[in-house]
Amino acid sequence: MAEEEETGEKAAAAVKRIYELCDVWHKQNRVPMVCGGKWDVLTPLVKCLQQENDGLRHLACLALNNLSIPTENKGVMALGPVSSDVIGGLCRVIQEDKQESYFCCAASKN
């Protein structure tokens, strides 16, 4: 049980940090995070969309929304190697009518 809590806390801290790295004050990080080729931030964010933890899912939706804004990121998110997971994850949240549906709609629209 303690191991699961520790894993959950690490996941929450990681998603929070990803969000902070692409928030409104760090817009310059958005393209390198998705298109830079150094990191795969999309896969862990998509995994967080499947979580029942509302806070974790909320931060993942916010981060995906922010990352979907730059023109350079749109192709990677819509046609890249994890695009089906990204689009599927966003659609699942919308379909389940979660509180974060608005952010998923915005990310899909972007």
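## A loop to start from

Where is Lys 98 found? Lys 98 sits in the loop between H6 and H7; helices here are DSSP runs (H or I, at least four residues), numbered from the N terminus. Before going further, please note that this is a predicted model, in which local features need pLDDT of at least 70, side-chain atom pairs count only at pLDDT 80 or more, and totals for chains, interfaces and linings use all residues. Residues are numbered from 1 along each chain as its sequence is written, and side-chain values use heavy atoms, with hydrogens and water left out.

Leaving aside residues up to four places away in sequence, Lys 98 touches Glu 52, Arg 57 and Val 93, where contact means heavy atoms within 4.5 Å. Cys 61 lies 37 residues from Lys 98 along the chain, and the C-alpha atoms of the two are separated by 11 Å.

Helix H7 covers residues 101-109, and its buried residues are Ser 101, Cys 104, Ala 106 and Ala 107. Buried means under 20% relative accessible area, exposed over 50%, and partly exposed in between (1.4 Å probe, protein chains only).

A search of the whole structure finds one aromatic pair. Tyr 102 and Phe 103 form this pair, which is edge-to-face, with 5.5 Å centre to centre and 75° between the planes. For such a pair, the ring centres of Phe, Tyr or Trp (its six-membered ring) lie within 6.5 Å; planes under 30 degrees apart count as stacked, over 60 as edge-to-face and the rest as tilted. Tyr 102 counts as exposed because its relative accessibility is 61%.

## The largest pocket

Rolling a probe the size of a water molecule over the atoms shows where empty space is left. A pocket is an open set of points on a 1 Å grid over the protein atoms alone, where a 1.4 Å probe fits, with protein on both sides within 12 Å along at least five of seven lines; lining residues have an atom within 4 Å of a point. The largest pocket has a volume of about 160 Å³, volume being the space filled by probe spheres set on the points, which are joined across faces, edges and corners.

Among the residues lining the largest pocket are Met 77, Val 86, Leu 90, Ala 107 and Asn 110. Helix H5 (71-79), H6 and H7 each supply at least two residues of this lining. By type, the lining divides into six nonpolar, three polar and one charged residue; Ala, Val, Leu, Ile, Met, Phe, Trp, Tyr, Cys and Pro count as nonpolar, Asp, Glu, Lys and Arg as charged, and the others, Gly among them, as polar.

## Salt bridges

The count comes to four salt bridges, each a side-chain nitrogen of Lys or Arg within 4 Å of a carboxyl oxygen of Asp or Glu. Lys 16, Arg 17 and Glu 20 are linked in a network. The closest N and O atoms are 3.1 Å apart between Lys 16 and Glu 20, and 3.5 Å apart between Arg 17 and Glu 20. Lys 16 and Glu 20 are four residues apart in helix H1 (residues 2-21), so about one helical turn separates them.

Asp 54 forms a salt bridge with Arg 57, their closest N and O atoms being 2.5 Å apart. Asp 54 is partly exposed at 45% relative accessible area, whereas Arg 57 is buried at 3%.
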